[in-house]
Amino acid sequence: MRKVWSGILASKAQLIIEGSVLRLTSMTAAILCSFGMLGACGPNGAGDAGQSDQPASAVATDNNGADSMASRDPAAGEAAQIDDADTELRPVMQAQVVLERLGFGPGVIDGKQGVSLANALKGFQEARDLPVTGELDDATRLALAKWDNIAATRIVTIPKAWGDIPFSPIPEDAAQQAEMPHLGYENLAEKLAERFHTTPEVLAQLNPGTQEPRFAPGQKLRVPNVGADRIDASLVDNKEWLETLRSLGVGTGQPDVVRILVDESEGWLKAFDAQDRLVAMFTVTTGSQNDPLPIGNWEVKGVAYNPHFAFDPKLFWDVPDSEEKQQLPPGPNGPVGVVWIDLSKDHYGIHGTPAPETIGRAQSHGCIRLTNWDAARLALMVSGSTKVVLQK
């Protein structure tokens, strides 16, 4: 993955990005942020997911605003209609796609056991009053059995319109990044990977034998069967944000969250509804020795979609002061990814990342970092009344 520089955003009471007034209450004077080998932090700007027995995307309707590759889940108890069945069972990947539908994000969907899957299992187990083991034990497999008709993978056709998308390598130098109009995806494989919450390497494994270039518009492709991607376009006023949700496969049917709990030592974020039910849980990267997580009680002040990023080297211990300040454009490969959830603690927030494979592994500069798709999903859950507790 590319290296993305650090930065700070000077913001206003009402943040304006590319002419669009974003949903913000009052942003702090500066939002601190950095990303490198350590991580990222700070910009310029479904129903009951944890309790519902039916994934948000289970019933597809004609007004679905998602893209042409959206999931089409069978109803509860209905047999899955599969045109091109997978030759492998992939039980771990099947558990990952089901848990994600229910609000318990396994991070990168790769069919492997790991920290992110363990956290997702713990969230599901806690919400269902099961023994919290973080493992696919017998009790958990039995509880997940009602979603056995959700396949681990599905076949999609890459939209031909994706052939018109400009892809460009992201330079490491901040000054060169500042000259770009958008910090978008570097290639088609990366864009596909984000859409299906995985990595280009996993897509290659699911589609062996294809020639280079491995992926092309109009091609049929096997992908992780991610869901909960139904979009009601009438609920999204910001059209650029609507396109971001489509590109990430994130649906608008998310639960309303009144409380967020982040645990630094465990590396997870839990979200609770008004009845104090656990409705979502994600693996996160939080803080470092030089930039510790600000332990305490805070609240959400606002959300900035597709934020710009103001790079100020003097604010960061790991960046030479000789570097010049830069204003970096927005994009999924920007330092804070696709979204910034501003906290009442000055300079701190919850945000995305250009390197999803590092979540739960690398450190950050004090902020709370998720995959772009999990950050976007969480952004749809919170409001100005959401409380945030950060604990060790």
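Biologist: In this predicted model, what makes Phe 215 a contact partner of residues such as Leu 192?

Modeller: Contact requires heavy atoms within 4.5 Å. Phe 215 touches Ile 158, Leu 188, Ala 189, Leu 192, Leu 203, Ala 204 and Leu 221, leaving aside residues up to four places away in sequence.

Biologist: Which residues have the most contacts inside the largest nonpolar core?

Modeller: They are Phe 104, Phe 124, Leu 192 and Phe 215, in a core of 41 residues. Among the elements that give two or more residues to this core are helix H1 (91-101), helix H5 (188-195) and strand E6 (220-224). The largest share, 6 residues, comes from H1. A second, separate core has 40 residues, including Ile 231, Val 250, Val 262 and Leu 269.

Biologist: Why are H5 and H7 called roughly perpendicular?

Modeller: Their axes cross at roughly 90°. Angles of 65 to 115 degrees count as roughly perpendicular, and H5 and H7 are therefore described in that way. The axes come within 6 Å. Lys 191, Glu 194 and Arg 195 of H5 meet Arg 246, Ser 247 and Leu 248 of H7. By class, this contact has 1 nonpolar, 1 polar and 4 charged residues.

Biologist: Which residues of helix H7 are buried?

Modeller: In H7 (residues 239-248), these are Trp 241, Leu 242, Thr 244, Leu 245, Ser 247 and Leu 248; buried means under 20% relative accessible area. Their cover includes H5, strand E11 (296-305), strand E14 (339-343) and helix H8 (372-381).

Biologist: What caps the N-terminal end of H7?

Modeller: Asn 238 does, with a side-chain oxygen 3.1 Å from the backbone nitrogen of Glu 240. Just after H7, Gly 249 takes a positive phi of about 65°.

Conventions:
Residues numbered from 1 in each chain as written. Predicted model: local features only at pLDDT ≥ 70, side-chain atom pairs only at ≥ 80, totals over all residues. Heavy atoms only, no water. Core = buried A, V, L, I, M, F, W, Y, C linked by side-chain atoms within 4.5 Å. Buried < 20%, exposed > 50% of the residue type's maximum accessible area, 1.4 Å probe, protein only. Helix = DSSP H or I, 4+ residues; strand = E, 2+ residues; numbered from the N terminus. Polar contact = N/O pair within 3.5 Å; in protein donor to acceptor, adjacent residues only side chain to side chain. Axes fitted to C-alpha atoms, helices over the stretch in contact; angles between N-to-C directions. Parallel < 35°, antiparallel > 145°, perpendicular 65-115°, else oblique. Nonpolar A, V, L, I, M, F, W, Y, C, P; charged D, E, K, R; others polar.
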